[in-house]
Amino acid sequence: MRTLTEIQNENELEFKRNKQNVYMRLTGNHKYYYADQCQKFINYILKNGFNNHKPKDIKSVSIVNSTHYGASINARLSSGGETHIKTFDNKHEMLGFICGFNFKIA
């Protein structure tokens, strides 16, 4: 039987893995859920592409929230450029979009 401490440590490791390429602060009771949703969204874009960009054109995807520039989902392209997949007014709007998108494709 695993102890509570072991379970908490496993949850934190999974949270850190899911938060790769997510550049915003996730806190509170829902931080694990949002990190998981962000990772699912990133994996979908990497596997399926977006707009006119095929998966082979995409090097990485990042989810960013900046106090100066707002919230955005960006793709670094294999050609060396970077493009916005979508921009938002705030992080809550972006997280709502990501969760809704994942729900729709599930």
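This is a predicted model: local features need pLDDT of at least 70, side-chain atom pairs count only at pLDDT 80 or more; totals for chains, interfaces and linings use all residues.
I take buried to mean under 20% relative accessible area.

**Entry 1: overall layout**

I began with the chain as a whole. I found 3 helices and 4 strands in the protein chain. Reading from the N terminus, I noted the order α-β-α-β-β-β-α. I then looked up the extent of the chain along its principal axes. The C-alpha atoms fill a box of roughly 50 × 30 × 25 Å.

Next I checked burial over the protein chain. Of its 106 residues, 32% are buried.

**Entry 2: E6 and G80**

I picked out one pair for its spacing. E6 and G80 stand 74 residues apart in sequence. From C-alpha to C-alpha, E6 and G80 are 41 Å apart in space. I placed E6 in helix α1. With a relative accessible area of 38%, E6 is partly exposed.

**Entry 3: salt bridges**

How many salt bridges does the count come to? I get 4 salt bridges.

I started with E10 and R2. I then looked up the accessibility of each partner. E10 has 37% relative accessibility and therefore counts as partly exposed. R2, at 48%, counts as partly exposed too.

Is E12 buried or exposed, or in between? I find E12 partly exposed, with a relative accessible area of 25%.

Then I checked D36 and K40. D36 has 23% relative accessibility, so D36 counts as partly exposed. K40 is partly exposed as well, with a relative accessible area of 46%.

**Entry 4: α2 against α3**

I needed two values for this entry. Two packed helices are described by the angle between their axes and the distance between the axes. I looked up both for helix α2 (residues 31–48) and helix α3 (residues 91–105). Their axes come within 9 Å and cross at roughly 60°. That angle makes α2 oblique to α3. I recorded the crossing of α2 past α3 as left-handed.

Which residues make the contact? From α2 I listed Y33, Y34, Q37, C38, K40, F41 and Y44. From α3 I listed L95, F97, I98, C99, F101, N102 and I105. I sorted the residues of this contact by type. They divide into 11 nonpolar, 2 polar and 1 charged. K40 turns up again here, as part of the α2 side of the contact.

**Entry 5: N102**

N102 has its place in helix α3. At 7% relative accessibility, N102 counts as buried. What does N102 touch, not counting residues up to four places away in sequence? I find Q37, K40 and F41. Q37, K40 and F41 are on the α2 side of the helix contact.

**Entry 6: positive phi**

Last, I looked at backbone phi for two residues. Phi of N21 is near 70°, a positive value in a residue other than glycine. Where does N21 lie? I placed N21 in the loop between α1 and β1 (22–23). N21 has 30% relative accessibility and so counts as partly exposed.

N51 also has a positive phi in a residue other than glycine, near 45°. I found N51 in the loop between α2 and β2 (58–66). Its relative accessibility is 69%, so N51 counts as exposed.

Terms used: Residues are numbered from 1 along each chain as its sequence is written. Side-chain values use heavy atoms; hydrogens and water are left out. Axes are lines fitted to C-alpha atoms, for helices over the stretch in contact, and angles run from 0 to 180 degrees between N-to-C directions. Angles under 35 degrees count as roughly parallel, over 145 as roughly antiparallel, 65 to 115 as roughly perpendicular and the rest as oblique. A crossing is left-handed if the near helix is turned anticlockwise from the far one by less than a right angle, and right-handed if clockwise. Contact means heavy atoms within 4.5 Å. Ala, Val, Leu, Ile, Met, Phe, Trp, Tyr, Cys and Pro count as nonpolar, Asp, Glu, Lys and Arg as charged, and the others, Gly among them, as polar. A salt bridge is a side-chain nitrogen of Lys or Arg within 4 Å of a carboxyl oxygen of Asp or Glu. Buried means under 20% relative accessible area, exposed over 50%, partly exposed in between (1.4 Å probe, protein chains only).
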